[in-house]
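Hi,

Here is the structure we talked about, passed over to you for a look. My notes on what turned up in it follow below.

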Amino acid sequence: MFRRKLCALEYQQADTFDHDNENEFRNLILWLEDQKVRHYKIENRTALRNINGGDWTKALQSYLEELGCPYQLAERTVLIDWLLGYAVRLDYGDSVDQYKTVTPDSVKVKAAAPAGSTNPLDNLDFNDADFKAGVASLSMILKVPPHTDHLEQLKAICLLVKDRLSKEAIEKTSSQPKGVQVPLDKTELGFETGDYIINEAAKIVRLLHIKDLRDLQTKINAAIVGVQTITANPKTDSRLGKVGRM
């Protein structure tokens with residue numbers, strides 16, 4: 001039903017999209033806002049991003065009202081069709097000159113042209129507005145600090161994924177014993193600064209310092225055990241009449 005508009009918007013699940021599937025519906029709404037509509041600033045899309053949250057429906061209702069959508073949530077079919085049409089209009093408005101040159105003959109020629117590289121990355125425009133918006137959205141999800149150069153930000157995301165989300169990193173993390181959680185509000189600071197925020201920050205620094213001290217103590221204990229393994233091997237030498245290493 002929506003395939004033609006989804007294909008026009010280059011939605012990856014255009015052939016398999018099921019509007020009755022709640023998860024697919026919510027993901028489509030978020031994708032349209034992130035990639036095509038961009039009605040909200042990136043930092044204001046948090047409510048829509050929380051697709052599993054209990055307030056998502058309320059956030060969607062507010063979003064549709066701001067867009068001027070004439071349909072209600074219960075009218076899902078026409079609602080999706082309206083949103084897709086709205087996104088297509090915006091997409092066309094961003095590239096009017098490009099689409100003016102498109103004719104049925106040029107489309108046929110493009111379709112008949114030999115396929116290029118099978119690697120999808122070779123066809124990406126790294127300076128495209130949608131690509132930049134995607135990098136910014138991903139950086140917010142992974143809590144990567146912003147950067148004026150989106151490509152440098154993408155490098156930071158790649159390093160984070162490699163370091164924290166690779167198969168080896170996940171296996172290493174899962175194999176480590178889990179520490180005991182310490183509620184910050186039940187942690188004694190030992191002094192008062194007169195400022196709640198500074199107090200909380202000082203508690204965190206104190207806990208990190210204690211952790212470092214414990215790690216240092218563990219290493220010292222390991223060193224002592226190692227030295228004892230080497231030195232504590234007493235044997236009796238009856239000729240010398242004393243106990244010691246032989």
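**The salt-bridge network**

E33, D34, R45 and R49 are joined up in a network of salt bridges. Before I go further: this is a predicted model, so please read everything here with that in mind.

One goes to E33, with the closest N and O atoms 3.3 Å apart. R45 sits in the loop between α2 and α3 while E33 is in helix α2, so this pair ties together parts that are 12 residues apart in sequence. The other link is to D34, where the side chains meet at 2.9 Å, N to O. D34 is in helix α2 too, so here the parts tied together are 11 residues apart in sequence.

As for the surroundings of E33, setting aside neighbours within four places in sequence, its contacts are R38, H39, Y40, R45, L48 and Y63.

The structure holds 13 salt bridges. D15 belongs to the loop between α1 and α2 and R3 to helix α1, so the bridge connects parts 12 residues apart in sequence. D15 is exposed at 58% relative accessible area, and R3 counts as partly exposed at 47%.

**Helix α4**

Helix α4 covers residues 56-67, which makes 12 residues, and it reaches 16 Å from its first C-alpha to its last, close to the 16 Å expected at 1.5 Å a residue. Which of its residues are buried? They are W56, A59, L60, Y63, L64 and L67. These cover an arc of only 135° around the axis, which puts them on the same side of α4. Just after the helix, G68 takes a positive phi of about 85°.

E10 has a phi near 65°; it is found in the loop between α1 and α2 and is exposed, with a relative accessible area of 64%. R38 has a phi of about 55° and lies in the loop between α2 and α3.

Last one: L213, L216, I220 and I224 make a nonpolar surface patch of about 340 Å². Of these, L216 is placed in helix α11, which runs over residues 196-231. L216 is partly exposed, with a relative accessible area of 46%.

Cheers

Definitions and conventions: Residues numbered from 1 in each chain as written. Predicted model: local features only at pLDDT ≥ 70, side-chain atom pairs only at ≥ 80, totals over all residues. Heavy atoms only, no water. Patch = residues over 30% accessible without salt bridge, like charges linked within 9 Å, V, L, I, M, F, W, Y side chains within 5 Å. Areas by Shrake-Rupley, 256 points an atom, 1.4 Å probe, with all protein chains shown as cover. Salt bridge = Lys/Arg side-chain N within 4 Å of Asp/Glu carboxyl O. Helix = DSSP H or I, 4+ residues; strand = E, 2+ residues; numbered from the N terminus. Buried < 20%, exposed > 50% of the residue type's maximum accessible area, 1.4 Å probe, protein only. Contact = heavy atoms within 4.5 Å. Expected span 1.5 Å × (residues − 1). Arc of directions from axis to C-beta.
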